[in-house]
Amino acid sequence: MSPTDLDTLRTDFAARIDQAADLRALDDVRVAALGKKGEISLLMRGLGRMSPEEKTVMGPALNGLKTDVAALIEARKAALEDAALDAALASETLDMSLPVGRPQGTLHPVQQVMEEMAVIFSDMGFSVAEGPDIEDDFHNFTALNFPPSHPARDMHDTFFMVPEPSQNSSGSDAAVGQKVLRTHTSPVQIRTMMNQKPPIRIIAPGRTYRCDSDQTHTPMFHQVEGLVIGEDIHMGHLKGCLMDFVSAFFETDVDVRFRPHHFPFTEPSAEMDVRYERDGASIKIGQGNDWMEILGCGMVHPHVLSACGLDPDQYQGFAFGMGVDRLAMLKYGMPDLRDMFAGDPRWLGHYGFSPLLQASLESGLS
């Protein structure tokens with residue numbers, strides 16, 4: 001085949017491309033020209049059987065043909081797509097039944113803060129774990145090293161469910177097992193350790209329940225707890241993780257301190273304070289001379305590891321827990337926790353967030 005024949009082939013394909021009435025017809029022309037068994041593709045394969053002199057002439061000519069035909073196809077494709085869009089727009093009509101105005105819904109501050117926390121911990125390699133709101137005594141207390149006489153088991157602190165009766169061997173009713181509304185999301189940690197082999201790195205957000213109600217406490221509130229289990233985990237990992245978290249969450253450098261404390265499920269245990277100052281009715285986190293407790297933490301107690309079937313001589317880890325509602329109050333200046341659950345649209349209109357703006361470390365959490 002000579003260069004003259006290639007010009008004829010170019011003219012033929014140009015005409016076929018111009019006559020393609022739709023994208024399907026255009027694709028048929030593309031396959032016929034440039035597909036595996038297309039005319040131009042077969043000619044390109046024939047270069048290997050040509051002499052060096054023929055390759056010098058036909059190589060650039062075939063490449064030019066292939067480039068020209070591909071460009072014509074792309075131009076025709078763009079024209080057909082534009083025509084299809086214009087036709088669709090011309091055929092559509094305005095639906096007058098759609099509501100007028102902007103939607104009034106907002107994202108609740110609690111949900112916003114939970115998403116912010118999930119973004120921060122996800123960047124540290126944590127995954128999100130969940131569990132039931134109604135728990136049994138073992139997962140909520142016993143496996144977490146709460147002794148039988150611990151105050152948290154008292155009726156004034158915990159919502160106990162009515163025991164389910166069953167027939168025992170003597171035929172009388174007996175309690176199958178005590179159920180409670182979980183007092184923390186720590187049972188999620190227990191379930192994870194019992195069903196997942198270390199290494200473990202999770203956060204457990206969710207609702208929790210306690211018999212308490214005042215300006216800073218409600219019977220139902222939200223927590224995020226974290227758990228890291230491995231073979232070489234130590235207190236330095238815990239402190240570094242939480243120090244990075246509070247600075248990222250409040251979006252400023254935050255001074256912190258750790259004070260010794262006691263929790264049944266961690267040893268050693270600590271409470272973490274952040275530096276703050278009060279400016280009128282507002283609180284500024286990260287500056288000032290006062291300290292505020294913000295969360296509890298510690299190294300997972302060996303008894304907890306053993307209760308979950310993990311060898312405390314091989315594995316160790318750290319855990320932490322914090323109230324989502326209280327963190328929302330501190331960050332966004334809400335004076336009364338009870339307002340969060342009052343269902344007042346005026347309050348949500350003031351403190352709510354746009355559901356279209358997602359929390360992101362790159363663009364800003366809030």
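A salt bridge here is a side-chain nitrogen of Lys or Arg within 4 Å of a carboxyl oxygen of Asp or Glu. By that rule, a search of the whole structure turns up 15 salt bridges. The model is predicted, so local features need pLDDT of at least 70 and side-chain atom pairs count only at pLDDT 80 or more, while totals for chains, interfaces and linings use all residues. Residues are numbered from 1 along each chain as its sequence is written, and side-chain values use heavy atoms, with hydrogens and water left out.

Let's start in helix α2. Arginine 30 pairs with aspartate 27, their closest N and O atoms lying 2.8 Å apart. The two sit three residues apart in helix α2 (residues 23-34), so about one helical turn separates them; helices are DSSP runs of H or I with at least four residues, strands are runs of E with at least two, and both are numbered from the N terminus. Arginine 30 is partly exposed at 34% relative accessible area, and aspartate 27 is partly exposed at 36% (buried means under 20%, exposed over 50%, partly exposed in between, with a 1.4 Å probe and protein chains only).

Next, look at aspartate 133 and arginine 182, which meet at 3.4 Å, N to O. This pair links distant parts of the chain, 49 residues apart: aspartate 133 is in the loop between β1 (127-128) and β2 (134-136), and arginine 182 is in the loop between β5 (179-181) and α7 (186-195). Aspartate 133 is partly exposed at 25%, whereas arginine 182 is buried at 4%.

Finally, Arg257, Arg259, Glu271 and Asp273 are joined in a network of salt bridges.
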